[in-house]
Amino acid sequence: MDVIAAIHGRRSVRSYQPTPVPRQLIEAIISDAAQAPPPFRGMVPWAFNVIEGVERIAALGERALDHARKHRPEGPGWDWVQRPGFKVFWGAPAVLVISGPVDDCCRAGQNLMLSAHARGLATCWVGSPMLWITTPEVRAELNILPNLTPVAVFCLGYAAAEPEPVPHEAPRIVWS
């Protein structure tokens, strides 16, 4: 797939088929994600945790939602915790967590989403589990390395429904 077509064709998918994603395919996507430029040549600043199984992931999502309802900070942006039918992981058969420095994880995350799209898979970068996934108990349960911070969480699977493209406003460009 052409990279420009991948950039413009990728969607955040919030409805997945329960079909498991083959481990070899997940490993290939992670390998592509890890091609993101590290801060210094030869560094490996991140780690990838893979969670599999629709039922297991749905149960983790319920725990994350419950935790967010109980521990959300004051302020706007938390109305999703009361949204009827909200699913943290949208029925995905796999979830990938990237841990490490924020900037490095974001670069790897963009590669991950484009690689998955080019390989016929769907993704959604989800922020809703972050309050929960960064707790010491959950970090230990999911084997997130103690010296790294979970930064990005992605649903991964085969799309059950793909959303229509959302029109984007032209970005502001400031020439100096």
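This is a predicted model: local features need pLDDT of at least 70, side-chain atom pairs count only at pLDDT 80 or more; totals for chains, interfaces and linings use all residues.
Figure 1. Asp 66 forms a salt bridge with Lys 70, and 3.1 Å separates the closest N and O atoms. Lys 70 counts as exposed, at 60% relative accessibility. The two residues, Asp 66 and Lys 70, are 4 residues apart in helix α3 (residues 54-71), so about one helical turn separates them.

**Figure 2. Salt bridge between Asp 104 and Arg 107 in helix α4.** The closest N and O atoms of Asp 104 and Arg 107 are 2.2 Å apart. Asp 104 is buried, with a relative accessible area of 5%, whereas Arg 107 is partly exposed at 31% relative accessibility. Because Asp 104 and Arg 107 stand 3 residues apart in helix α4, about one helical turn lies between them.

Figure 3. Arg 23 is exposed at 55% relative accessibility, while Glu 52 is partly exposed at 28%. The structure holds 5 salt bridges.

**Figure 4. The buried face of helix α2.** Within helix α2 (residues 23-33), the buried residues are Leu 25, Ile 26, Ile 29, Ile 30 and Ala 33. Viewed down the axis of α2, these residues fall within an arc of 135°, so they line one face of the helix. Among the elements covering them are β1 (47-52), β2 (94-99), α4 (102-118) and β4 (150-157). The exposed residues Gln 24 and Glu 27 are carried on the face of α2 turned away from its buried side.

**Figure 5. Strand β4 and its pairing with β2 and β3.** In β4, 8 of the 8 residues are buried, so the strand is largely enclosed by the rest of the structure. Strands β2 and β4 run antiparallel and are joined by 6 bridges. The pairing of β3 (residues 122-125) with β4 is also antiparallel, over 4 bridges. Cys 155 in β4 stands opposite Val 95 and is the bridge partner of Cys 124.

**Figure 6. A nonpolar surface patch including Ile 4.** Val 3, Ile 4 and Ile 7 form this patch, with about 270 Å² of accessible area together. Ile 4 lies in helix α1 (residues 3-9) and is partly exposed, at a relative accessible area of 49%.

Methods. Residues are numbered from 1 along each chain as its sequence is written. Side-chain values use heavy atoms; hydrogens and water are left out. Buried means under 20% relative accessible area, exposed over 50%, partly exposed in between (1.4 Å probe, protein chains only). The arc is that of the directions from the helix axis to the C-beta atoms. Contact means heavy atoms within 4.5 Å. Patches are made of residues with over 30% relative accessible area and no salt bridge: like charges are joined within 9 Å, nonpolar side chains (Val, Leu, Ile, Met, Phe, Trp, Tyr) within 5 Å. Accessible areas come from the Shrake-Rupley method with a 1.4 Å probe; for residues, only the protein chains shown count as cover. A salt bridge is a side-chain nitrogen of Lys or Arg within 4 Å of a carboxyl oxygen of Asp or Glu. Two strands pair if DSSP finds at least two bridges between them.
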